[in-house]
Every structure is written in structure tokens, then in C-alpha cells.
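Please consult the sequence and the structure shown here while reading.

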Amino acid sequence: MPPDPHPRMLPRLALTGAILGAIALLFAWVAGWLTPGRVSGGSIVDAMQYNSGKVFLGARRAHAKGLCVSGRFASNGAGATLSRTLLFQAGAMTPVSGRFSLAGGNPDAPDGRNVFHALALRFVLPGGEEWRMALDHTPIFIVSTPTDFQAFQIASKPDSVTKMPDPVRMAAFLASHPETRRFMAYMKSAPLPSSFANGTYYSINAFRFTNNTGETHAVRWQFEPEDNFSALDKASLDRLPTDALFDKYLARASQGPVRWHLVIIPSNHGDATNNAAVQWGPGHGRIDVGTLTLTHAVPEVSGDCRDVVFDPLILPDGVSGSDDPLLAGRSAAYSASFRRRAKEGPRRVSVPVNQGIAK
Amino acid sequence: MIPPDRYALPARVLHWAMAMMILAMLFVGAGMVSTASWAYPALLTWHRPLGVTILVVAMLRLLVRLTHRAPPLPAALPRLQTVVARGSHYFLYALMFAMPLIGWAMLSAAGTPVQLWPGTILPPILSHSLRLFGWLSWVHGLLGYGFFLLILGHLGAALFHGLIRRDGVLRSMASFGTRSDRARK
Ligand code: HEM
Ligand code: HEM
């Protein structure tokens, strides 16, 4: 700096510093550096890793154990009045790839657990458009906001010895979250599909469909299997062979195509679209808009489903997110998980989590 | 021939338009990854088309820079400052191109559609590769925050010229009056 030639230099220097400082401070605030408690995709994924107790490098931070499938979707045209998406045009045949998975961050976990059985799908439409979905076998979710999801991951972390969550912390969470109590009661009593091939998979979250005339309607949807439902015996889950469900699906797929019907459930007046933890009441319309046919199945290492993200907000024209806050939270968390596992490269080993976490 | 004392009018207009857009982009980028609220998808929806607009405007700007003379820095400026000024300007130009190109490339490598708005998707510029995506998305973040620091430094230097040295360097970009500065001297 040249020697101060000017008596009024100090205020000018101060002004320069103030302008730079103000911009830097604003940036730091926007970036969340001044509010460490802000819930982000990254902080949610941190909480999931904390819950797992381990990071399985290169694996998804949720639904880590999976299987790649592919096939096609044949539209019957009935969906075209609801949404203008190319997927629903009469006679449209759309290539699909996807991934069956079981919930949890451990890619080596045994299949005999009372957890989400899941299906993720990727519809490849003309013009580079895609519709991606990640669906579970339950019609409701365990919490209704991303903040609660993060808090639940922390409260429900299994103790390394007892394998059970800290009863005090868990009780405190459940006391203030009746929707989570409802979900847990549901999970306890609802049957678990005996195969990936005979499960119904639900969007859970509400979305919005917009048709050719610009009308918009909130919907949920579900894929209903053609294979007959049967249930796993919940009492003997821990005796199920480690990869029983995955092996069973590979065997089923080798016998011929597996089919589901995509059924759209339009919301009725008064249905909450912003709360995935509540089921919509009875008396809803059901519109079967076409058939999903899965023709191929391969283990994840040899398929093409591992290296993509089934972000539920990758949507085609004619479909958009609803006011359900879980959707934004999912999109942010899936992206954070995807970026981490991509940076680590395809799965190698697991390392213990030693990062601290705000409880 | 007398060298110009200001940047050409298109250069000045483009400079300030881009300054606003790039600063907005940096705040949008840093803000969206900081939250899991509705703001995450909302900001990301703006991030892609605004970023691609910056790429297009940057091309225009480079063209203007190459076809118009820039005013020289003051002869009295210490050599080191001249070198730093030149060098930082090259970096700023490089980042204007690199940031949007890396953004586009990383989504391509991710196998994710590069959506500008519903129904309009840019073609991928890289083939699908998980490792490349991981690496590029890390570089996009690193260079993004580096870009912010560089812009802060650039602004600091501009204010130093305008408020402390008062040598006409800030005015060469920031004055839009009809009278040339030379006429005022
Ligand atoms: C805030 C709530 C939720 C959070 C934070 C969350 C988080 C995650 C994360 C981080 C992944 C791994 C993403 C990746 O690396 O590619 C994942 C996968 C998945 N999630 Fe969620 N999830 C949430 C709610 C849901 C809901 C409501 C459903 C069902 C409708 C669901 C179904 C799935 C499925 C099927 C996968 C596996 C996708 C695949 O095979 O790639 N999740 N979730
Ligand atoms: C001047 C241009 C751009 C600037 C200054 C910029 C800046 C940023 C910044 C600061 C971040 C946050 C980095 C982090 O913390 O990880 C970010 C993230 C991102 N940017 Fe950009 N960006 C630009 C262009 C683009 C373009 C053209 C695209 C895509 C077409 C893009 C796609 C993304 C994506 C997908 C993310 C990550 C979002 C996530 O983590 O979920 N960017 N950008």
C-alpha cells in the first residue's frame, strides 16, 4: 500500500473494507456457514451415515442393496386426460430401466428385515426427457418433513451393543411425532411381500399432473403387480437366507416378464398433498394408465442402475412436484448421496463414521 | 493513435450484466446446496438456465474483448500490480467459461437430463461416467467458491483504484456518461 497521501484516506479504506465485508458476510449466510443447524441434503446424509455407524464407500446412503432391471411401459391412453406427459400418450411404448432395493445403508445386510421393499424407475422419453421415481411398498412414510427425517435418523441410531435405539431419545421423538408412531404400528402389522415381483409400490408423495388444456390436479400413484400377492412370515425373518429376495427375483425374471399396472389416484377435495405420513381417505378414483413390463434383471455390479440417481424431482413436462416438503428434501439428499458415492467411486470397502453430529 | 480511456460501450454493458448474473449464480449455487427446503429445487431450476445464459454471454463478451481495444492500465502502476491485474483477468475469463461448461458436463456424466425448462433438455456433452461425475461435481464446487474469492479480490482492487488511488481505472469500466473522462481533465 502506498503511504497515505491524503487525510481523508481512512474513511475510504473503511468503506472499501465495509463493502467487501458485507458481501462476504451475505455470502456466508446464504451458504449456511453462519447457521450450522440448517438442514441440507448434506446434513441429512450425515445423519443417515451416523445412523448406519459406517460409511460403505461408493454405496447409496439409503437403499444400498439393489438389483438392476429393465423393460418397457405401454400406455393405454387413459392417462392423457390427466397429464400431457409423453409417457401417457395413447399407444406410447417407453423404455424403462430401474432398480429393486431394500432400505438401509448396508449393501451386505440380510434380506430378512422388516424394512421398505422398493422399486426405482427411469422412463426415457423422446427429446432427452426422463421421469424418475423411487417408490416403496408402503402407502405412507415415516415422517412428514426433511427436518423430522434427519432428527429421526439421529434419535433411532442403534446402539452398537444392544442393536436398539437409545430408549430415552427414541421415546422423546415418538412422543412429539404421532405420525411416526402410526407408521411404526403400520409397519408392524402390514404384511411384507414375499417377492419383489408381487409387491405394490407407492409414490407415497403427492405430485401434480397438468394436461393439455393446462388443468392441474394433485395425484398419488401406485404400481400394482400381476403376480399374486403372498407374504413373508414375519416371525421367521431372521432365518431367511441373506440374499433370498434378490435370488428369488432373478429366478422369477428368468421365467418370463413381470408386470405391474400403473394406477393413478387423483386427490379428492380436502386431501392433504403436503403430508406423506397420512393416507388419503376412502372413495378415490383409480385410473389404470398402462402396463410396466420388466423383461431383464441383473445383479447391480453388471447393470446400469448403480451409477444413476433416482431423484423423484427429475420429471417430464406435464408432471411436477406438489407442496409436499419431503420432495425437496429427498431431491437434496439423493443428490448429496449421489455426489459422495460418485466421488468415492464404485463401492470398495466400509469405514467407520467418526464425524461428530449435532444431537 | 490515442489509446481509449474507457472500455467500449458494449464491453461496459456486458461487464456489468455479467457481474450481476455471475454474482447471482454464486449465491444461488451456494444457497441451494445449503438447504433441503423448497428453495433447493426452486434455485436449481434457475441455476441451469442462468448458467447456460452466462456461457452464451461470455462468448459474446470474449468476441467484444478481442475486437475492441481495452484502455491501458496507468503507466505509474507498479509492475507487480499490473501483472496481478492481467493474470486475474485471464482467470475471470476462464471461469466464466469453465463454470457453466463443468456444470453441463457434470450432469452429462451423471446421466441426468440437463433441463433448461420443462420439455427442453440440452444434449449431453460427456458420456455417462460415475467417476467423472464425482470428480467434476467436486471441481464445480471448488472453482465456484474460488470464483467468489476472485470476484471479491477484483472488486477490492476496483475500489482501491476508484477510492484510494483515484487513477481512472474504475471509471474506465464504471462510467456511463456521454463525456469522456479526458474531456473533464
Ligand atoms: C425425506 C425423506 C427421504 C430421504 C431423506 C431419503 C433419502 C434417500 C437417499 C439419500 C437415497 C440414496 C440416493 C442415491 O444415492 O442415489 C434414497 C434412496 C431411495 N429412496 Fe429415499 N428418502 C426419503 C424418502 C423416501 C420416500 C418417501 C420414498 C418412497 C416413496 C423413498 C424411496 C427410495 C428408494 C426406492 C430409493 C432407492 C433408489 C435407488 O434404487 O437408487 N425415499 N433415499
Ligand atoms: C457461471 C456459471 C455457474 C456458477 C458460478 C455456478 C456455481 C455453483 C456453485 C457455487 C455451486 C455450489 C457448489 C457446492 O457447494 O457443491 C453449484 C452447484 C451446482 N451447479 Fe453450478 N454454477 C454455474 C453453472 C452451472 C450450470 C450451467 C449447471 C448445469 C447445467 C450447473 C449445475 C450445478 C449443479 C447440478 C450443482 C450441484 C447441486 C447439488 O449439489 O445438488 N451449474 N454451482
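Helices (H or I, at least four residues) and strands (E, at least two) are DSSP runs, numbered from the N terminus. The model is predicted: local features need pLDDT of at least 70 and side-chain atom pairs count only at pLDDT 80 or more, while totals for chains, interfaces and linings use all residues. Residues are numbered from 1 along each chain as its sequence is written, chains are lettered from A and ligands numbered from 1 in the order in which they are written, and side-chain values use heavy atoms, with hydrogens and water left out.

**Ligand 1**

A residue belongs to a shell if one of its heavy atoms lies within 4 Å of the ligand. Around ligand 1 there are 27 such residues, of which Arg60(A), Arg99(A), Tyr334(A), Ser337(A) and Arg341(A) come nearest. The greatest contribution to this shell is from H7(A), with seven residues. At least two residues each are supplied by helix H2 (41–52), strand S3 (93–102), strand S4 (117–124), strand S5 (130–136) and H7 of chain A.

Tyr334(A) is located in helix H7 (residues 325–344) of chain A.

**Ligand 2**

Ligand 2 is situated between chains A and B. Its shell holds 24 residues, the closest being Ser335(A), Arg339(A), Tyr40(B), His47(B) and His140(B).

**Polar contacts and shell composition**

The table gives polar contacts (pairs of N or O atoms within 3.5 Å) between side chains and the two ligands.

| Residue | Ligand atom | Distance |
|---|---|---|
| Arg60(A) | oxygen, ligand 1 | 2.5 Å |
| Tyr334(A) | nitrogen, ligand 1 | 2.5 Å |
| Ser337(A) | oxygen, ligand 1 | 2.5 Å |
| Arg339(A) | oxygen, ligand 2 | 2.5 Å |
| Tyr40(B) | oxygen, ligand 2 | 2.5 Å |
| Tyr145(B) | oxygen, ligand 2 | 2.5 Å |

Two or more residues of the shell around ligand 2 come from each of H7 of chain A and helix H1 (9–32), helix H2 (39–67), helix H3 (79–110) and helix H4 (130–165) of chain B.

For residue classes, Ala, Val, Leu, Ile, Met, Phe, Trp, Tyr, Cys and Pro count as nonpolar, Asp, Glu, Lys and Arg as charged, and the others, Gly among them, as polar. The shell around ligand 1 has 17 nonpolar, five polar and five charged residues. The shell around ligand 2 comprises 15 nonpolar, seven polar and two charged residues.

Note on methods:
Polar contact = N/O pair within 3.5 Å; in protein donor to acceptor, adjacent residues only side chain to side chain.
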